[in-house]
Amino acid sequence: MSAPIVLENTSRRDTLISIEKKYQKVWADAKVFEVNAPTIAEEPVSVDPEELRERIPKHFATMAYPYMNGVLHAGHCFTLSKVEFATGFERMQGKRALFPLGFHCTGMPIKASADKIAREIEQFGVDFSGVPAETEEEEAPKVVAKREDVSKFTAKKSKAVAKQGRSKYQFEIMMQLGISKEEVAKFADPTHWLYFFPPLCEKDVTSFGGRVDWRRSFITTDANPYYDSFVKWEITRLRECGKIKFGERYTIYSEKDGQACMDHDRSSGEGVTPQEYTGIKIKVTEFAPAAQEAFAAANFDFAGKNIFLVAATLRPETMYAQTCCFVSPKITYGIFDAGDNNYYICTERSFKNMSFQKITPKRGDYTAATTIHGKALVGSKIHAPLAKHQELRVLPMETVLATKGTGVVTCVPSDSPDDFVTTRELFNKPEYYQIEKEWVSFEAVPIIRTEKYGDKCAEFLVNEMKIQSPKDSVQLAAAKELAYKEGFYNGIMTYGKYVGDKVEVAKPKVKADLIASGDAFVYNEPEGVVISRSGDDCIVSLEDQWFIDYGEDQWKSQALECLEHMNTFSSETRHGFEGVLDWLKNWAVSRTYGLGTKIPWDEKYLVESLSDSTVYMAYYTVCHFLHSDYYGRELGSMKIRPEQMTNEVWDYIFTRRENIDTTIPIEQLQLMRREFEYFYPLDVRVSGKDLIPNHLTFFIYTHTALFPKQYWPRGVRANGHLMLNNAKMAKSTGNFMTLEQIVEKFGADASRIALADAGDTVEDANFDESNANAAILRLFTLKEWCEDTLRGGALRTGPLDNFFDVSFENEMNALIEETFENYQATNYKAALKTGLFDFQTARDFYRDNTQGVGMHRDLVLRFIEAQALMLAPIAPHFAEYLYKEVVGKEGTVHETAFPRASKPLSKAASDALEYVRSVSRSIREAEGALMKKKKGKAPEADPKLPSKLQLLISPSFPEWQNTYIDMVRELFEAQSLNDNKLLKEKVGKDMKRAMPFISILKSRLATEKPEIVFNRELSFNEIDTVKSVLPALQKAPAAFNIVKVEAILIGADGKGQDVVTGEAVEITASAKALESAVPGEPAIVITNI
């Protein structure tokens, strides 16, 4: 992790911030970012929407609206920047580019936090003066232990919090956000959050230079009656078209909250879904003596009771091959009443899940009749359903987890590498494990055959991977995956009722048989740890609830069709969507706790927070007509009341329903429809990649269900998470910055440059404070240079005929075009490189090489204007300053066309400039070589003495190179260039000289077009170029005192000719130097005079 930057002198930053504040006010006063569709007066209703968008192009981009339980942080800022840069560039393309931003308030987080504050007020007083001292809590080890038992997430959080201070209580978290202790009590009312944070969000985004049309902002939930009406329309129409259904389904559930715990209701475990197992009932026929003693001590009478060890398996088809049952000697198990005189032995956690899945007598009752240590169960006799062997034993397995499954594991050593290795270990070390050797049936029962691994795949893989012990967890995990995949997809049953069936066919049949016989049941638990916002360790419950039937075949086909035509900006994002669409099924749409919109036909439920957030982009298009504040309290420009926004009115706007019964004037309806049909479809949706498994996929599904095909979304850009100074952002570690803090520390434009430089892929990006600090210096220095250069009066006028004038203009044009392409491809890091870093490097080279004659005024003005405009999408305030106050242009960069090349690009000019740079580098490399001390010899030249620089220019390539060029071309066309044996035969004894040259050609052919590699004609006149730049090349040496420079053309007879005077010159250079000279690469010779 890089250390945070400490700014000691802030004068440069403050200068830039003053520019930013000035132009933010100018833009707000001019309403620059308020964007509208063409009115009906401008374009009549009869105009086709698609035709209208072609004639008057638009761009509509949004980000996932931020949740209002706090202020925006750097992660929000990163996503925001992608929309910002795209919107800025599209505006400069002449499009009406719309970027609205709402505020998400639906769901549990706000309500849960408000309830916590209310409880803390009850506990500690309204001023929280009664809170225990931090040291008191740290001295209570029981609290920490309990937290560690709950889950990894809370354990980690506790450790991190301990590093910076407790921050355990909600009021302390609020104070970390900058809220005074006196103000915190107000947040016990969840409504207060809705009024406190949205204005801060707008303030912070505006200070960042956000191009947001704030007229279109709103909060969600029924606190805004217009948005509430919109969500009711959405949810009603989904139900009417058969997408919302009611019934029992397994869902992640919080017992504490008494409702389903959806992704946005979780503090950890987002994306985790129920995992279905088959619960195998393994009957205990005789308890081990230790178990009987334990029961007697606990006064538990097991006589006459049917007691089962319950194992959770994903592979019911392998139950034929059970050889024992494993328990952990480290786990304390419960014995739970399962009804009808049946008792289950399993972990409390698993029985808790069962008690909410209609498996147990009483919902939510998971009180154990007694408990027993796993070690005491070892040696008990059991009968396992379907097993070939009638009597098996309970044996110890130290790797069994209490946090996965039931804590009881079936043993199938034929197909499970873990079981095979553990069985082998027990068989070889019975004394160590305190068991009898005869309890261990080491001979595996073959039941599945695969062509790859035979009929004992576990043994095969363990031997092949050289797995020695149950402790070889990494290898065992890999072996398990291989065994499962190969067995499931390619295995054939060789034992049992379904001999000859493929495993994937037999598996559901065996499962159904086990359930029908009463030997098993369906059991679900979360596939990973899920912690609710209220701190509850969630389970899986079988719930009667409203759910959205994602995954239904016809709807899924529509979603895939939509995805096919969408721009996902990366293959990773596309593959992510394809994967989610493959597995996503039912999704609970209802909940009972939190904030939100009531389900219209069943008002005891609220619409959950992801389901009310799938098509709100459509609401952006019309909401400024409906209300003039966030909350729908102040009427909008059309003076429409919330109750007038019926489902039929929304249909008119979004689905072209005609002849509706409404009191809203037809002109207003037409204008709202125009806004929607002009800005839709959404061009790009920007979100973090973590929203692909839920929100973004729901977004695709719901659009295809509600809107005509021409309004399906066009693009989704998913970005990675943002690290801060090369480390994960976390409040608990102190490595955290809010948007406000970033802008206060570095200013908006420097922050935006650092964000652009952070990365554009779905991989995690990094906001490096040192980059933001460097951007301050770069911008301030550029500002000073622009002002001083134009004010100084040392600029040339007249024709642009100087070599460096021509090459600089051409290089500017090339970089402008490259930057344009980078912006178009939304590669902002690359756009920053070509449009700022490389552009200034080109300026520096031009400036340095025109000292004496001076830079040309027209080119300097062209540079400053182009620099301003290329920087405008990323750093708009600074760009506006350069454009208006330095160059003196009218208007604003936001409405000025992005620059393009002023004339066709010249390859000859580009190559000639690169030649000059290359020769300059070669001169400095030659200096370095001369100054190196060779063993036993003095340096060949003394840099302190007057010296002569000679450039030895060859008019042609050596004949031997031409020979090998022809040979490589011939082999390349015959596709035999990689045949090293053939190459050696053709080269013969000339290997030392030929092979390095051929290797260079092969490398170039891998990245360049063949016609370029094999064409060795220079695109420029080398002699004329050298003549033009000879004075500049004399300045290239960094160490030697060059008093004379000569450019010598090497003649066919080995004699030289001065290219400037035409006089014959004697060549004294070595044969090696002469041989190294080829067209475009002169030999460099430096000698003392």
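Modeller: A residue is called buried when its relative accessible area is under 20%, exposed when it is over 50%, and partly exposed in between, using a 1.4 Å probe and protein chains only. This is a predicted model: local features need a pLDDT of at least 70, side-chain atom pairs count only at pLDDT 80 or more, and totals for chains, interfaces and linings use all residues. Residues are numbered from 1 along each chain as its sequence is written, and side-chain values use heavy atoms, with hydrogens and water left out.

Helices (H or I, at least four residues) and strands (E, at least two) are DSSP runs, numbered from the N terminus. Two strands are said to pair if DSSP finds at least two bridges between them. I begin with an open sheet of 4 strands, in the order β2-β1-β23-β24 and with parallel pairing. At its edges stand β2 (96-98) and β24 (716-719); each has a single partner strand, so one side of each is left without a neighbour in the sheet. Direction ignored, neighbouring strands of this sheet are turned against each other by 15 degrees on average. Strands of a sheet pair through backbone hydrogen bonds, either parallel or antiparallel. Between β23 and β24 the parallel pairing runs over 4 bridges, and Ser687 stands opposite Ala718 in β24.

The peptide bond that joins Tyr680 and Pro681 is cis, with an omega of about 5 degrees. Most residues other than glycine have a negative phi, and most peptide bonds are trans.

Helix α24 also has a part in covering helix α23. In α23 (residues 647-655), the residues Val649, Trp650, Asp651, Tyr652, Ile653 and Phe654 are buried. Their cover includes α11, α21 (616-620), α22 (623-626) and α24; contact here means heavy atoms within 4.5 Å. Just after α23, Arg656 takes a positive phi of about 60 degrees.

Helix α11 has another partner. Axes are lines fitted to C-alpha atoms, for helices over the stretch in contact, and angles run from 0 to 180 degrees between N-to-C directions. The axes of α11 (residues 225-240) and α25 (residues 692-706) come within 10 Å and cross at roughly 75 degrees. That makes α11 roughly perpendicular to α25; angles under 35 degrees count as roughly parallel, over 145 as roughly antiparallel, 65 to 115 as roughly perpendicular and the rest as oblique. On the α11 side the contact is made by Trp233, Glu234, Arg237 and Leu238, and on the α25 side by Thr702, Ala705 and Leu706. By class, this contact has 4 nonpolar, 1 polar and 2 charged residues. Nonpolar covers Ala, Val, Leu, Ile, Met, Phe, Trp, Tyr, Cys and Pro, charged covers Asp, Glu, Lys and Arg, and the others, Gly among them, are polar.

An open sheet of 3 strands has the order β26-β25-β27, with mixed pairing. Its edge strands, each pairing on one side only, are β26 (727-728) and β27 (765-767). Strand β25 (residues 722-724) and β26 pair in the antiparallel sense over 2 bridges, and Leu724 has Ala727 of β26 as its bridge partner.

Strand β13 (residues 392-396) is mostly covered, with 4 of its 5 residues buried. Strand β8 (residues 324-327) pairs with β13 in the parallel sense over 3 bridges, with Phe326 opposite Leu395. Strand β12 (residues 381-383) pairs with β13 in the antiparallel sense over 2 bridges, and Ile382 has Leu392 as its bridge partner there.

For comparison, here are two loop residues. Phe128 lies between α4 (108-124) and α5 (134-138) and has a phi near 60 degrees, a positive value in a residue other than glycine. Lys358, in the loop between α13 (348-354) and β11 (370-373), also has a positive phi, of about 60 degrees, although it is not a glycine. Phe128 is buried, with a relative accessible area of 1%, whereas Lys358 counts as exposed at 60%.

Last, the record: UniProt (unreviewed entry) gives "domain: Aminoacyl-tRNA synthetase class Ia" for residues 57-116 and 201-768. UniProt positions are in the numbering used here, feature names are shortened, and annotations may be inferred rather than shown by experiment. Over residues 57-116 the chain is 45% helix and 15% strand, with the end C-alpha atoms 49 Å apart.
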